[in-house]
Structures are given as structure tokens and as C-alpha cells.
Amino acid sequence: MTRPPSCVYVTHLVAPKHGSTPAECEDAVVVLPDRSHDEMLREPLTVGVCDGATESALAKDWAALLARTVAEEAMGLPDLLKPGAEFEQFAATVVDRWDPWLAQYTKERVEDGRPLKWYEHTKLAEGAFATLLAVRVDPDAEPRADADAADDGEPTPGWRWRAAALGDSCLFHLRDDRLLEAFPVKSADDFGTVPDLFGSRNHDAALLAERTRFLQGDCLPGDRLLLATDALAAWYLSAPDRLAAVRELLEFSGPDDLDRFGDWLNGLRERQQLRNDDVAVVRIDFEGR
Amino acid sequence: MPYTAEISRTNPTSIIFLVDQSTSMSDPIGGEVPQQKADVVADAINRLLTELSVKCAKEEGVRDYFHVAVVGYGATVGSAFAGSLGGRDIVPLSEVADNPARVDERSKKVPDGAGGLVETSVSFPLWMDPVAHGGTPMNRALQYAESLVSGWTERYPASFPPIVINLTDGESTDGDPTAAAEAITSHATADGAALLFNLHVSAAGGTPTAFPDTADGLPDSYARTLFSMSSPLPSHMRSYAASQGQRVSETTRGFVYNADITTVVQFLDIGTRATELR
């Protein structure tokens, strides 16, 4: 028997908190390569998920810059997402990009006749803040002969993933839709309003790297990686039946489902099962079983 | 659980500042640099409004998570806003932030992001000036605040409860303020009773203290009365104070004696805090 071709599908959804407009949403997602959710991926992929802090100004812009930069840098450097000099260099690089971005933004505000107000100057002097979660997935060069899913003796395709996290945006590795690994937060009780954050003016790259958590793992056909910002991650970790929770979430499989996804989130909020916050979720499905 | 309502633009809360502007506020308080009490409370109000505005500032403007009143009491009881907000009671925070009476520039040392400090010019907006004239009608002021609290709880019955912050030397000239204080905290939203905090500025000496859990050690009856009038800190505020290294217990109250009260702004949760790694 010949196995179906191994591949990966990636889809992501981002929705604002109830009471905010989509333009005010401060969760950012960048997936590379930039393909449609129904297009097969056979090459390495990278994802950046960043959650801008409510109390921070320009948090959505910093979250977007951070997510874009980490996805791009991790695509160029296969070993970026592990402890070491490469990650520290990334931390310095992305912080160096903020002040030129802010100078351009400030200039445009003046040109628009809306110069920064006193409270923006005060706030932006402190910098902008966001969480960071990044993952890189690489397909194995050769199928795995020893994989435990190979019940028919055929070599099994496999993937290696590496992740880095600063703050409380989470990665969940699912096998048969059951939780295999939760990273970096293990329990719903560990979420709060003071997560570690990546500051746009934090020039201490060594500290940023030191406080970032790293993890790697292997995926088999049928596995999934879910990346989620804190509110949805807390909902999942606190769900009385996590399998049922995952299956509810899997009902939303592409950008066409965004309105339905928003309605579903509002329902959870009304039932006080989900904290009212922006939500970003990325779903990486490993096919071929 | 009380005091857990989300503070948002659709479900805002109000903060009502009461500012003692009586003649006795022209007296100095102790300390290395003697200051008039009136200067201390005006400075505290201006810094509180600055911190609130900056806390809620976003690129499109300041978000109205809070609506704010600044009520002076001395020769009269009423709005203490100077400038274009003069005469207004409860004002959305965005309007407060956009309408200081004036903005001074002051130099300040700020972290340079690499462990050092650099001197920079910062804006220091001012909404009120020091005033010291007349008696100390604290009862009338508390009753005025009660009417604002009552109106708020009717308008936003599910909101985080209103917070009244009274800045005074404690020397009420229209009787014991205890009953009027209790009347404020008898109003409630579905999320809990209104809160009353007090800043006592005093020349009586003793140790400056913020958010104590006992009246022991307070220097006089004015301080002890204000302590007893002050609401216990709700649990999440205690947790935040504890996370900042403050010693707290279940009897910790929203009372500050000759110390910085602007920390209270940090007690308010509007979402993920913007804090640098430590």
C-alpha cells in the first residue's frame, strides 16, 4: 500500500475582544511561506504569534513587527529558535528596528496634522510591549522507519519543530487531538495580567534571550500544533473536556469561518468561559496518515 | 467574586477625587523639603490624572475606561478643574487628557534601556492649582461625592464600583465625617460596594505609610479617623500591592499617610500591563 503524500496545512484566525474593532486588535500572526489555508506545504514553515499588551500604545504595530521579524529570521536561520547567540542577535535586531519605525510613524502623524499628544510621548518613551511565540517546522529529509505510528511497516513521514516563547502565548502539541505538550504555560491558573513581555526599547538582548523559553519536538502524521494567545489558551487548558474543546475549535478551519468564529467566541464570553480579550489561533495540521 | 468586573469603554468606572482646599492646607508638612499641604495635594491630583491618562493612552487617543471628577472643598464645594474643564463634574478621561489647564515641560531622568539613566524633557500637565481658603466641609464634600456615586451606580449597575479618593489634612470643620463616608460605601454595583480611599497630608510627623493594615502607629485622631473610614483593599489590589513588595493582609486599607498615593493607579486592572522584564 502506498501512503498518501505527507504535507502540512496551516490556517489562522484572529479576532478582536468584544467591544473592540478589528483595527484595534492587538494580536498579530505571521505565517511563512504565505500560502492559502487549503494549500499543501511540503517545505519548512515558520510562525510568529505576538500579543500586544493592552496598557501599551502602538502595541499592535509592535506585535506585527515582532511576529513578522521572528518568522522571517527563523525562516533564514533553521536553528534560531534555540538558546544561543543567534536568538540573542535576533532580539537585538528587532529592537533596533523599532525606533526607525516609530520615527517614520511620528513623521506621518505630523504630516497628517495629528502630531503625537503629550500622553503618547510619555507612553512611547517607555516603549511598546508584546508577548512572543515562534515556531519553525521542518519536514524530515527521509521518512522514519522507527516511528510508532507505522503499523503497516511503511516508513512514516515526520517533522521536527522548534519553538520559542516569551510571555503567555501558548503552543499545544496534539496527538489524536489529545494534549501531548503544553508550552510554555502548563496550567490555566498560571495566566495573569503581568506576563513576561518583549519590550520595543529593551536593549538588553541577553536578558530577553535568557527569559525566553525554548522547546522542540517531533510530529507524526495526524498530529496538530495549535498556537494561541492567552485567553483562548486558558480556555483550552481549563476546559473540563479538552478533547471536546479541541473539536469545537476545529469547526473553524479557514478565513471564511471568521464571522462564525467571532460569534462562537462571544458565546463563550457570555457564558464566562473565555476572558474578554483579543484572540489569535494558528492551527498546523500534519497530514498523511 | 466582587471587584472583578472588566473595566472597559462599554463598562467604565468612575474615580472621584475630593481635594481639601481649606485655609489649613496652607500649613507646611514636615520632611526635608517643607511643602504646603495645598501644594502636595494639587501635585498628587495632577500626577494621578497624568498616570491615569498615560495608562489608558492608545494611538487613537485616551480610552474612556474611567470617568473622573475632581471636587474641591473649602470656601465652597464643587469642581476643582481649572481651564476649559472648569465647572464640570464627571468627565470622560479622554476629555481630561486632552484638556489640561496647561502643560509644563520638566526635566526628568529616565532609564536608557541599557541600565543607565538619561535626562530628558517630559510634559507635566496641570489640571488644578493649589488653593487654601475657607473651612473644611468634609461632610458636605463626602455627601457631594455620594450623589455622584449614586448616579454612577444607577447608570452603570454592572461596572467595577466607583472609587472615591479623598485628599485632606483631616481637620473636618463640619463634624465627624464617619457617617458620610459610610453613606458612600453603602452604594454598590453588582460587582461590589463603592470604595473610599484617603490620603492624609499632615504636619503631625510620624512615619509616612502607604496602605497599612492597622491604625497602630498613626500619629493623631485625624489619621485614625481617616484610616477607619477607608475601604479595605479588594483582593486583586492587595495581590498587586504584594507583588510590588508591599506587606499586606486582609485588613489592609486604602489609606496613605504623608506618602505617595499615585500607586493606586497601578492597582486598577484594564488588561495586560506594559512592564519591562526585570
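A residue is called buried if 20 or more other C-beta atoms lie within 10 Å of its own, exposed if 12 or fewer do, and partly exposed in between, with C-beta atoms placed from the backbone. The model is predicted: local features need pLDDT of at least 70, side-chain atom pairs count only at pLDDT 80 or more, and totals for chains, interfaces and linings use all residues. Residues are numbered from 1 along each chain as its sequence is written, while chains are lettered from A and ligands numbered from 1 in the order in which they are written.

Begin by selecting Leu32(A), which is partly exposed because 17 other C-beta atoms lie within 10 Å. Leu32(A) belongs to strand S2 of chain A, residues 27-32 (strands are DSSP runs of E, at least two residues; helices are runs of H or I, at least four; both are numbered from the N terminus). Beyond residues up to four places away in sequence, Leu32(A) touches Leu45(A), Thr46(A), Ala71(A), Glu72(A) and Met75(A) (contact means C-beta atoms, placed from the backbone, within 7 Å).

Next, select helices H1 (residues 59-76) and H2 (residues 85-111) of chain A, which pack at an angle of about 140 degrees with axes 10 Å apart. Where do H1(A) and H2(A) meet? Residues of H1(A) including Trp62(A), Leu66(A) and Val70(A) meet residues of H2(A), among them Phe90(A), Val94(A) and Trp101(A).

Finally, move to chain B and select Val71(B). Leaving aside neighbours within four places in sequence, Val71(B) is in contact with residues including Phe17(B), Val19(B), Val77(B), Ala141(B) and Tyr144(B).

Terms used
Axes fitted to C-alpha atoms, helices over the stretch in contact; angles between N-to-C directions. Contact = placed C-beta atoms within 7 Å.
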